[in-house]
Every structure is written in C-alpha cells, then in structure tokens.
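Good morning. I will go through one structure and talk about its side chains. Please have the picture open while I speak.

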Amino acid sequence: QEDLMESGGGLVQAGGSLRLSCTASRSIFNNAMGWYRQAPGKQRDLIASITTRGTTRYTDSVKGRFTISRDNTDNTLFLQMNSLQPEDTAVYYCNGVNVYNGAPLVHYWGQGTQVTVSS
C-alpha cells in the first residue's frame, strides 16, 4: 500500500545509529503515528508513538535510545535509533496508531524497512 512507505533501514554494527523515515497519506498522518517492529518469528509490536501535538511514548526496550518525531508539513514520520543492539534487528513499519491500546489505525501495512544489527 502506497499510503505507507518506510525507508532508511540497513545493516549496522552494534552501537551504531540509523534514521528511519515514513511517508503516509494525509488521511493516516492526521492522527497519532507509531513505529512498529517485527522480529523473525515474533509478533509485530508498537515501540514508539507520537500524537499530532508531539507527545511521545516508548516501549521500555527502546526508551532513551530511540527518538520518534514527525514533520506535519509533509506527512513524514521519523525514528532516530541510537545505540543499536542485535535485539533491535527487525522489520520496522509505520502506521497510524490508537494511543490508548496501541492498535494500528489501518489494517494494512507498507513494505517495511529491514534493520539488521550485527554484534
């Protein structure tokens, strides 16, 4: 679905950094947005969210290392990831998000972007 497009993933050594980007259609972006990730054999989990006013939340495993931000002028969502660890290896997705229960806003996903962290 072209309504959601993620980019910026890659292969990085432990301790390194990456910055992910996501573009979304305006109908999705006019909501709270979130970054999800899915590691091999695991479910897709919400790891960071940001409201339209900029209030952020993080899951404990990324708190202090990852920063979510958004540019409301061009419907772009970012995830700055620092101090990456092998356990951060996953496919990363963006979506609108229900901040009360973490559920994705729409029931489809972009292609995601692969992040691989080597030890």
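**Rings and a disulfide**

Let me start with Tyr36, which is buried, its relative accessible area being 3%. Buried means under 20% relative accessible area, exposed means over 50%, and partly exposed is in between, with a 1.4 Å probe and protein chains only.

A word on the source. This is a predicted model, in which local features need pLDDT of at least 70 and side-chain atom pairs count only at pLDDT 80 or more, while totals for chains, interfaces and linings use all residues. Residues are numbered from 1 along each chain as its sequence is written, and side-chain values use heavy atoms, with hydrogens and water left out.

Now the rings. How many aromatic pairs are there by the rule? The count is two. The rule takes rings of Phe, Tyr and Trp (for Trp, its six-membered ring) with centres within 6.5 Å; planes under 30 degrees apart are stacked, over 60 edge-to-face, and the rest tilted.

Strands (E, at least two residues) and helices (H or I, at least four) are DSSP runs, numbered from the N terminus.

Tyr93 also pairs with Trp109: the ring centres are 5.7 Å apart and the planes are at 70°, so this pair is edge-to-face. Tyr93 is in strand E9, and 16 residues separate it from Trp109. Tyr93 is buried, at 11% relative accessible area. Together, Tyr36, Tyr93 and Trp109 make one aromatic cluster.

What lies over the face of Tyr93? Arg44 does, at 4.3 Å from the ring centre. Likewise, Arg19 lies over the face of Phe78, at 4.0 Å from the ring centre. For a charge to sit over a ring, NZ of Lys or CZ of Arg must be within 6 Å of the ring centre and within 35 degrees of the ring normal.

Last, the disulfide. A disulfide is a covalent bond between the sulfur atoms of two cysteines. Here the test is a pair of cysteine sulfur atoms within 2.5 Å. The structure holds one: Cys22 and Cys94, with sulfur atoms 1.9 Å apart. Their link is right-handed, with 70° about the S-S bond.

Which parts does the pair tie together? Cys22 lies in strand E3 (residues 18-24) and Cys94 in strand E9 (residues 90-96), so the parts it joins are 72 residues apart in sequence. Cys22 is buried at 0% relative accessible area, and Cys94 is buried at 0% too.
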